[in-house]
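Hello,

Here is the structure I promised to pass on to you. Please open it alongside this email, and my notes will follow below.

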Amino acid sequence: MAVAELLATLGAGVVVNGRDDGAAARAAQRISGAVPHPGSPADPAVADALIDTCVREFGHVDILINCAGTAEPPGSSILNVTTEQFHELLDAHLCTAFETCRAAAPRMVEQGGGAIVNTSSFAFLGDYGGTGYPAGKAAINGLTLAIAAELKEHGVRANVVCPGAKTRLSTGPDYESHIAELNRRGLLDDLSMQGALDAAPPDYAAPMYAYLASDLARGITGQIFIAAGGFIGRFDREAPSLLAYRDHHHAPPWTVEEISGAVSDTAKVT
């Protein structure tokens, strides 16, 4: 909501989407000139209609912001999550982003430009446990980087924001007990736990979205940013580190023992 409100104050025409009809309508009422469009964009028909609504109301679609998400079931892990729950989580996180990008990208290419900003999470690192939530967020990163590479020549940019903000997903006793349990198990250090429990309001994350949607970021694409309270940052692009090398034209495949030595930093590059 904070992102939509900020973009509207900066002059953007806004279409507000939400799975709940009432929530979408109430959100749109808070933003002058905003148009509600309820329904889950994981449904291709809803995603197409959402983009059509934007074009019909404002003449074009210049910006696509995906902030959809839902929490893991309490105590969810690979030990107990059901297939149905996992698919529901992927729908909420990954499929909403894919379907709206699929619907918006051709329009942006046709008009010669546009900005896509998808929402991921620190959870993609796996530190916060769960299954569908981190899997969906990690997949959003890969999807967005691929979109950025494909559409760069068409002037369409795609980036990711990993926000740290207090929302309905990051408040309440269930969330607090989950964070405390991760800390007890050693998955979250004390500093990370404190940050998770004392996150800033969404207003502190919204400006990063607005920046990436603006012409100020016209040279920025295919990057993963962090906006958490007073901290902004960027994840370095992943690259392999060399453990060992041999020319396959002149050497046999590695043995298991040689790989073990290379991984433990006892083998020399050959």
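A word on the source before the findings. This is a predicted model, in which local features need pLDDT of at least 70 and side-chain atom pairs count only at pLDDT 80 or more, while totals for chains, interfaces and linings use all residues. Residues are numbered from 1 along each chain as its sequence is written, and side-chain values use heavy atoms, with hydrogens and water left out.

Helices (H or I, at least four residues) and strands (E, at least two) are DSSP runs, numbered from the N terminus. Axes are lines fitted to C-alpha atoms, for helices over the stretch in contact, and angles run from 0 to 180 degrees between N-to-C directions.

Let me begin with α4 and helix α5 (residues 132-151), whose axes lie 8 Å apart at an angle of about 15 degrees. That makes the pair roughly parallel (under 35 degrees; over 145 is roughly antiparallel, 65 to 115 roughly perpendicular, and the rest oblique). The crossing is right-handed, meaning that the near helix is turned clockwise from the far one by less than a right angle. Among the α4 residues in contact (heavy atoms within 4.5 Å) are Phe86, Leu90 and Phe98, and the α5 side includes Tyr133, Ile140 and Leu151. By class, this contact has 16 nonpolar, three polar and one charged residue; here Ala, Val, Leu, Ile, Met, Phe, Trp, Tyr, Cys and Pro count as nonpolar, Asp, Glu, Lys and Arg as charged, and the others, Gly among them, as polar.

On to α3 (residues 44-58), whose axis comes within 8 Å of that of α4 (residues 83-111), with a crossing of roughly 40 degrees. α3 is therefore oblique to α4, and this crossing is right-handed. Pro44, Leu50 and Asp52 are among the α3 residues that meet α4, where the partners include Glu99, Arg102 and Arg107. Seven nonpolar, one polar and five charged residues make up the contact.

In α1, Ala2, Val3, Ala4 and Leu7 are buried (under 20% relative accessible area; exposed is over 50%, partly exposed in between, with a 1.4 Å probe and protein chains only). Their cover includes β3 (63-66) and α8 (206-213). Gly11 follows α1 and has a positive phi, near 105 degrees. Gly13 sits in the loop between α1 (2-9) and β1 (15-18), and counts as partly exposed because its relative accessibility is 40%. Between Gly13 and Val61, the C-alpha to C-alpha distance is 9.4 Å, with 48 residues separating them in sequence.

Best wishes
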